[in-house]
Every structure is written in structure tokens, then in C-alpha cells.
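Subject: Structure for you to look at

Hi,

Here is the structure I promised to pass on. My notes follow below it, so please open it first and read them alongside.

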Amino acid sequence: MQEKYNFSEIESKWQKIWEETNAFKVVEDPEKEKYYVLEMFPYPSGKLHMGHVRNYSIGDVIARFRKMNGYNVLHPMGYDAFGLPAENAAIKHNVEPAEWTWGNIEEMNRQLRGLGLSYDWDREVATAHPNYYKWMQWIFVQFFKKGLAYKKESSVNWCPSCQTVLANEQVVDGCCERCGSPVGKKNLSQWYFKITDYAERLLDNLDKLEGWPNKVKIMQRNWIGKSHGAEVDFKIKDYDETLTVFTTRIDTIYGTTFMVLAPEYPTVLKMVEGTEYEAPVKEYIDRCAHMNEIERTSTTNEKTGVFIGKYAINPFSGAEMPIYIADYVLMGYGTGAVMGVPAHDQRDFDFAKKFGIDIIPVIDVHDPDIDLNNLQEACAAEGTLINSAEFDGMDNQDAIEKIAQVADERGIGRKTINYRLRDWLISRQRYWGTPIPMIHCDHCGWVPEKEENLPVLLPTDVEFTGKGESPIVTSKTFVDTVCPVCGRPAKREVDTMDTFLDSSWYFLRYCDARNDEAIFDKDKVDYWMNVDQYIGGVEHAIMHLMYARFFQMALYDLGLVKDEEPFKNLLTQGMVIKGYNDEKGNYIKAKMSKSLGNVVGPAEIIDKYGADTARLFILFAAPPERELDWSDEGVEGCFRFLNRIWRLAVEFSEKYQNIPGTYEIRNDADKKVAYTLNYAIKKVTDDVGDRFNFNTAISAVMELVNELYKYKEGDVNEALFSTAIKMIILLLAPFVPHITEELWHELGYEGSVHQQSWPTYDESALVKDEIEIVIQINGKNKEKISIPGELTRDEMLQIAGEHEVIKELTEGLNVVKMIAVPGRLINIVVKP
């Protein structure tokens, strides 16, 4: 056995062996309980960062631990390979997106294997590969047939300089990130998924996700945004149109003195066409098109708006109310029409004040400090109705129900539920994405490509200019086709799918990744799903996780899967942060970023200390859900710890050859080692299996190693020492797979350490004859004493009352009471 821990030689050796033997390949086994652990797959940027290392190390510990506990573990990896960066690379570096992507995947594969991760690489998927996006297109066709996919005109970001549609992430402070020109809006025909059909199920099922963090479930609830309220119909005077408003406060209907429409409201331009209001309305709409939602809805901005020359009729009071368009009303919530109640809403109050609109209080809040006839600001809307005709005197909460009922009876409104969640716009005017498998025929309309013709392949004869529509429109071979229904000439859809679609079902494809005949074998998916442990960043709490849940429900309704929810348990790991000095010399901690100059790359750590050290530090430095504060000293410490284990094993192998299989406790030193050993086994088992407290699990092993270093200087029980070293190797195997595999082999054990059963602990060894407890006086630590280990609370108090140390501490004081916490402390409450 080598004297020195040569991590580079050891890690490359075992990575090669694992790859050659396909050590982590897994198949379905009905005789075994399955466990599916999955980390969110990466975009193939070409380089791993420390956030990746943390995410994948967490998953690998769980996977290896579960395997050693007898589970049949599925632990796959792949790539979310479509996306805008590849297209930008094509423009900037004149390289094909496919070439750029596959090159990056090859490099990231090398880096992932270098971390010693236990992936079944036979299940690798890449969403940009035709054998994956063929089934993405197949899903789209099924959704279309089910009525979940539809096309309608909608507003998109448009750069007039680049002459192209921009994704939201390409708009920075209202300007194009490419050229800096102000970004406007343009109406285009877009494809949508009807995720709103699943709003209630998405909401209700959150209660079933007991293994999800509450913060994530709260974020999803807020995003879905369920509101109970009523729709009210307002006729427009001398105009054949009705405005429908959603409100949660129909009790304030008599206080409505104006109406506000979103600038994007579909019929606004028609209402002002040919009138004196047309020009100012168009100008205002254009101005709003250059604002983002944050700017438009800010409560601190001065209120702006334009009168459109029309009046709405209050269906209850009959009053005529001016109709405005204003930036603070969005089409994304409710109906895009809002009733203005200035007496009881501050935003409406500010608007009414600016434009000289009546302010009519309709709820008496019974506050003597508020003059309802001379309001200086909007007042609370909880109290008794006034100025509300037959509803005067009613409590406003009762009035909400009553007025909604009357509205329904009169045919001017109805109780309803509204959701903040909007249908999912999935069209992208980009090249590097899954082609939408739809064909437009002048005779048949929009029809899907025949399933036997899938995949609809991305064309390669395209130009990347950065201008105009999707590069696909430049293809001479893609657009023109024939209608699959009638055979007439037709044209293909040139938009591609939002890449969030690809990541909304990849976990299902892993279950049967090489199936060319079907999206997956249902029996295989039914065996592996749902995912037992999903791991990823909290930044995906809403979009990715919401979309994946929607996909799973829709596929469940299609009879393709047995579970409504894809992820049983969710762990959201914290970011990796590192301190740096800013330009003023201030020391600041922030997420690792190239622009801040505080990046530590995995490669430099692995080259200097090895992958096991990188993994150990990233798992030891902080609990997984918390931020990890990078520390070069911490990395050094973890490297020293692995060297200590190596030296301990070397010394053991040189001194002791023929070791008995079991050990007997001979003395107190043996007893202490046996206790520390069994405590470590219990601690690691509980912390990894139940709580994911990897840092405290590793700490328990460190304590065991420290104890062995002290123990080996005395009268060594060779069998106990041998057992302890063997247990250290087994306990650390999920954390540091290379060094433990090497030590297992070098010490003469058969097979792979990762194929061994997880160790069990001896309860009797955890019973101490004597324990040390803390003595507190009025909650402050004063002394430590030794007492028998298995005393009850009453027995502890009895001994405490007779103990000389306690007598000295309480001499001359009045002991009010004594509180005993078995095994830990006695707190004595005293008074002078």
C-alpha cells in the first residue's frame, strides 16, 4: 500500500474501472424496492461550476447510500440541450448550434465522470437529439388532440433595429440586449398550452406534497393566485359592447366612478377609431409598449392614463362612468378591465384625484378620525355599507355574498373564481429548439404532422443573421410541405417550442431512454416513478416545477402514467457564495460570478486536491438547503482529513495482519472507541437517511478518526481497530467514492465498497456507564459533573441534591426549583 495518498492516480484508476464494468447500470427488479433520485439536469454550457458540483454531490450521496441500504436505485443524467446560447454562439462565432452543443456535452460528460458520480450513463438523454424531441413533438400532438394546445394572436417583445422577436430574458431595462434599442410590442400568432385547465388540480395537489419545502409550495400557490370573486358586466353607453370586470370586492360596486382598461385591451383601438381620441390613445399605447410590468405596476409612479371618449354604465346605480386606459392595468390578470373605486383603493384614489373624477365612499369604517366626505387618502374597506341603495347598513362581508347573488339574479354578473395563472405561451421565434409539428393548410387549417412522420427535423440550411424572424424561415427545404389530411400544398410552422417543455418530462424518458418505438414503456415508468428525491435550485420553484407537474397531470389523464405528481420529495439546495473585495475595498459575500471575480472553478480544486476533496468540502461546509460560504481553508482541511484516513489505514496495514472477525471490549479505552464507532454509524445513518444533514454526518466520522488516532497510541484491540477502520470506509463511501474504493481494495476486502450493505450499530454500545452533564445556575453554565449514564429525571434530581459541587454552588442561596434534562443538564433556579 502506497505511503502517500495519490488522489490523481486513485481517482483516474477507479473511474476507468467503473466505466469499463458499467458499475452503475440499473434495470427494473420487481423483487427490490426502487428508489429514484434525480438532480435537475444542466444546460450544456461547456463548464461545470460549483453550484453543479454541490447539486450532483448531494444526489450522489443519496443514491449511493440508498443502494447500500438495499434499494434498486435509478440515478440518471442528461442535458437540457436546446436554448438561446447556442444560437448566439452561431451568430458570434460562426459555429453551428449543433456543433457547439455536442462539443459542450462531450466536455461536460468528461467533467461529470471526473467527479465520480454514480450515473447510469446508458440512460443519458439530450433534449436536442432527434430521438428525444421526436417524443416531445409526439406529446405536443397528443395535447393538440386533447384540446390542450391552441393558437391565438398575442403580444411579443419586438426590437425594431434587429427586426426580431426577443425573449423576456433578452430585454434589459426595456432595451434589446443585443443592440440597446428600445423594445416595443408586436402582435404575433402564438401557440399556447391550456395550463389554466389544471389550475385547481395544481393548487389542490400541493397539499399532497408533504416532502416539498413549504416555501416552494407557497410560491406556487401565489403564482396560481386563486381568487374568489364575481364578474360584473358594464354596458358601454351608445356602443354595442359590454365590459366584464372581475372583482373580489363587489360590495364596493356603488363606489365605482370610472373604468380602466389595459392599453392592450383587444377592442380599445376599435372604440376610438375615427374619433378625436384615436391619436392620443395610440400614442399612449405605444408608450406603454416600451415599459415592463414592474414599471407599469409600481405604486410610486405618477398615475397616467388617457380617456377614450366612452362611458360605461354602472349596472347597479345606473351612473355613467368615464372609461380610461392606464398602464397600471394588465391583461395578464382578470379580464383586463378594472372598476375604479377611489374612496377605498389608494391607486384608484390617486388616479381619480389627478383626473378630477368623483370619489364616493360606500363603506363606513366607523373611525372618528376619518372624514368620509373629505377623504385625503383612500380608507379601509371594512365596515358598514353606505351610499349603496338597498344594501345600506349591511356589513360589507355579508354584502359581498348578497350583491353577487343579486347580480346573478338580474343577469348582470355571476360569482366566479379567477386565477393569476395564465395559459402557457410556448412559441419561440428561434432556431435551436424543438420544431412545432404543425402544418397550416388553407383548406384544413392547422393540423398536426402524422405521428409516423415524426420527428420533424430541424433544417440545417438556415442563415443566422440575428435579424428578422426565426432562422428557420430562411430554409429552402423546411417550410413547404403537403397537408397530411387532404394532400394539398401547405406550410410548416416555423416557430420552435419553449425549452421549458423539454424539461417538463425528461424524468419519464430516463425510465426507458433507448425506446425507439414509444415515448416509454408504461411498465418501466410505473416501476420507477414517481421520483423519490428531486434536487435543484429554488430558482426553479415556479416555472420548471409548475410545468413538470402540469405535464405529469396531462399525461396521467392520457393514461400514460400512474401518478398525478412527478416528484415525491424535493430538496432545494442553497447557492455557493464567496467573498470578494469591491472597487472600494469593501469585503462582500455574493454568489460566484465571473463579473465579480469571485469564481472558483471545480477543475482547479480537482487538479490540486482531487474530486473526493471537492465533494467532501461541498457536503461538509453547510447543510444542503443553506447557502455555502466558500472557504479555501475549508478545502485544505478536508484534504488533510482524507490524508489522515489514508495514513491511519497505511499504519494499520503495516502493523496488523491477522485480525479476528469480531471484537470484545477489554477496558474503558475499548469501550470509548466502541461508543464513538457505533455513535458514528447511527449518526451517519440518521443524518443521511432522514435529514440530509451531511455536514453533521461527516463530523461524526471525523470524531471517530480523531478517537482512533488517540487510541492507537495505547494498548490496541486489533479486532476493534480493524472494525473501526472498515466502518469508516463504509460510512464515507457515499461521500468520497474513490479513496474508499481504493482503501477497501488495499485492505483486502472483496468486491466493491459501493456494493456492500450499509453498516448497523449496536444499541448496547451506545449506553454509557457514566456521562458528563452541565450544571446551570439560573440558565448559565457553571460546572460539569459525571453521573451514571442511565438515570431517570427523578434520579438525576436526587443525586443533584446530594452532590458536593452543587451544594457549593448553591450555598447561601434559596433553591426555588431544579430542572433536569436526562443525559444533558441540570438547571438550578435560585434566589438570594
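Let me begin with a term: a residue is called buried when its relative accessible area is under 20%, exposed when it is over 50%, and partly exposed in between, using a 1.4 Å probe and protein chains only. Q776, at 13% relative accessibility, therefore counts as buried.

Two sentences on the conventions. This is a predicted model, in which local features need pLDDT of at least 70 and side-chain atom pairs count only at pLDDT 80 or more, while totals for chains, interfaces and linings use all residues. Residues are numbered from 1 along each chain as its sequence is written, and side-chain values use heavy atoms, with hydrogens and water left out.

**Overall**

The protein has 24 helices and 34 strands; these are DSSP runs numbered from the N terminus, with helices being H or I of at least four residues and strands E of at least two. Its C-alpha trace spans about 105 × 85 × 60 Å along the principal axes. Of the 832 residues, 53% are buried. Taking contact to mean heavy atoms within 4.5 Å, 70% of the contacts between residues at least 6 apart in sequence join residues at least 24 apart.

Q776 belongs to strand β31 (residues 770-777). With neighbours within four places in sequence set aside, Q776 is in contact with N781, K782, L825, I826, N827 and I828.

I253 sits in the loop between β11 (242-247) and β12 (258-261) and is buried, with a relative accessible area of 0%. Which residues does I253 contact, leaving aside its neighbours within four places in sequence? They are V232, F234, N314, F316, M339 and I403. For F316, 63 residues away along the chain, the C-alpha separation from I253 is 7.5 Å.

**Helix α16**

In α16 (residues 602-609) the buried residues are P602, I605, I606 and Y609. They lie on the same side of α16 because they cover an arc of only 95 degrees around the axis, the arc being that of the directions from the helix axis to the C-beta atoms. The face turned away from that buried side carries the exposed residues D607 and K608. The buried residues of α16 pack against α1 (7-20), α2 (50-68), α17 (611-620) and α18 (632-655). Just after α16, G610 has a positive phi of about 100 degrees.

**Two helix pairs**

For the pairs, axes are lines fitted to C-alpha atoms, for helices over the stretch in contact, and angles run from 0 to 180 degrees between N-to-C directions. Angles under 35 degrees count as roughly parallel, over 145 as roughly antiparallel, 65 to 115 as roughly perpendicular and the rest as oblique.

The axes of α17 and α18 come within 9 Å and cross at roughly 120 degrees, so the two helices are oblique to each other. Their contact is made by D612, T613, L616, F617 and F620 of α17 with G634, V635, C638, F639, F641 and L642 of α18.

The axes of α5 (residues 130-146) and α15 (residues 543-557) come within 11 Å and cross at roughly 65 degrees, which makes α5 roughly perpendicular to α15. Here M136, I139, F143 and K146 of α5 meet F550, F551, A554, L555 and D557 of α15.

Best wishes
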